[in-house]
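Please examine the sequence and the structure before reading each solution.

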Amino acid sequence: MAGQPLASSSTAPRPEAAERAVADDTLEGKGRAVKPYRAIGLLLAALTFGLTLNTDIDGPLDLYHEGERLAHYDALKRGALPYRDFFVPHGLGEDVVKPYLACRLLGESVESVRRAGRNAYVYQGLLPALGAAGLIVAGATLFRANWAIALVAGLTAVSLYEVSERPLFAYLGLASLACHLHGRRRAWLVLAGALIGLAMLYSIETGIYAAAAALVWLALDPRTPRRRWYEIPSPARTHVRFLLLGMGLVIAPALLACLGAGVFRDVAENLRIQVLNRGEVWRSTYPVPKWAAEASLLENLHFNGGLLMLFYAIPLLFAVGAVVSIRARSGSDPERRSALLLTSLFGSMFWSSVVSRADIWHLAYASGPFFLFVGAWLTALTEMPRAKRLTFCAAGIAPLLACAALIDFGEGGSVGRMLGRESRLLPSHLRKGDEPLIASSMPRVGRVRIPPRQEGELRAIVDYIHAYSDPDDFLLDLSDQGLVYFLAERRCPSRFHFLSHCNTPELRKKMIDEVRAQPRLPRLVILPGGSELADDAVRRFVVERYEPAARIGGVELWRPRDAAPGAAAVDFHPPPP
């Protein structure tokens, strides 16, 4: 039976697989020695950390994503509670704990959060590189082949990959599941559950993806004997209980703390909006190939070929990997099949993020699990006998073509950044380009150099806010530039600091109801210049009670209609750089 390709449901291991496991156990020597592939994995994890670490904190301010981390900071200082007093868009760790600790330990500034870790579009600081290292640790525990670990490390360094700490605990949970895969100790399942619980607290969607993948994997694990592939025998149910035990050890205290603080219902409402209403709030269309008449033949083939590889081939490969690992023949190594199933499920769950927000940056977020899948897929293919080299090549070329597309669109990845290359995929307002950067005069920016024009516009906006409002006054920003709350040291009258976080009529009405419920209305409202608000509760509230007072750069500032005189509408034009 040895050497047969993947395809039934028996889990009888091959003799050479058993011999290899015995040899590995002997080599480890009851924990006294480190297995060579794990030592190489740790070395590659450290190397990946060094390659992805970006200590350059200069560049344009991202008023949206950096605002998501800092807009509610002053409210937190005054005793506000997450979920009840402000919406948490990603997770407690990412949106609350990280920025709060960074500001308290390193100073109240954008610089502090960038040094700790910035991970949207542009990655900077310490924490994102730990996420990349965690991906390599997961590969080192999954694969018993140095070349597979090196492949994952290489793809992480040079491909389209979001360097971020958000999936770190999920990757470490996957590593613990891999340790259980190879050793079958239930303690690893408890640890995996605890790490997945931490992943949920840090970034809820990442934790949900990891939990769903782990539970399905334990239920369908090819190593567990069963008469039919869809049966869940008693050992599998026991494994699921141990995983849930680990998750409960982390999540239960957090839920009890929410009950004690009286915010349990607010947490449930936040999660409902965050998870179940995601498609309503963030409307997107899945990309389809299209022919551009103004582009050349080669340009069209390049774009559409890359699109097919990235948005269609990758999820198809996840599905094929899951089916093949479950329906494999009896001669195949059950551990390799199990690793293939685990990475297929892990990648499929993370792909949910791409389905809900079908853009290149969410694809970059999901590419890390795909790298692990490629390693598991290729190591499983090494079981094929030499007589089937053609099948081997055909099965191996598809994931490698997808990797080639990721390398092409990634433009060198972290290595390209180290060489001074700026990705053309970056939004124009976040590119450094050749424009000289200057130190900001705004105290809460810190020692971050930003473009002169952005400095002029933001300085004028902050000065205007300070001139026409008091520190205790509310500010309502409807331009989705939440960082202004932090820079101007003003609070939002609603839990929703961003209009885009409540992109449904129901949520917008709730936002305005919260504004009206405050003891006094906002002293200023910021609107995007040159664009009309939708005809809903937000627009009716603004038009009814406010009037334009100033236009600064790309935004308009509106004051109450009964405000004191001296607020005539003005245009501010910052000096040219």
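D472 is partly exposed, with 43% relative accessible area (buried means under 20%, exposed over 50%, and partly exposed in between, with a 1.4 Å probe and protein chains only). The model is predicted, so local features need pLDDT of at least 70 and side-chain atom pairs pLDDT 80 or more, while totals for chains, interfaces and linings use all residues. Numbering runs from 1 along each chain as its sequence is written, and side-chain values use heavy atoms, without hydrogens and water.

**Exercise 1.** Determine which residue forms a salt bridge with D472, and where the two partners lie.

*Solution.* Step 1: apply the criterion, a side-chain nitrogen of Lys or Arg within 4 Å of a carboxyl oxygen of Asp or Glu.
Step 1: locate the pair. R78 is in the loop between α4 and α5, and D472 in the loop between α20 and β5, 394 residues apart. Helices (H or I, at least four residues) and strands (E, at least two) are DSSP runs numbered from the N terminus.

**Exercise 2.** Decide whether E489 and R444 are buried or partly exposed.

*Solution.* E489 and R444 form a salt bridge whose closest N and O atoms are 3.8 Å apart. E489 lies in the loop between α21 and α22 and R444 in the loop between β3 and β4, so the pair ties together parts 45 residues apart in sequence.
Step 1: compare with the cut-offs. E489, at 39% relative accessibility, is partly exposed; R444, at 5%, is buried.
Step 2: widen the view. Both residues belong to a network of salt bridges that also includes D74, K77, R104 and E108.

**Exercise 3.** Describe the lining of the largest pocket.

*Solution.* Step 1: define the term. On a 1 Å grid over the protein atoms alone, a pocket is an open set of points where a 1.4 Å probe fits, with protein on both sides within 12 Å along at least five of seven lines; lining residues have an atom within 4 Å of a point.
Step 1: list the lining. It has 35 residues, and Y123, R417, R421, S423 and L426 lie nearest the centre.
Step 2: assign the elements. The largest share, four residues, comes from α19.
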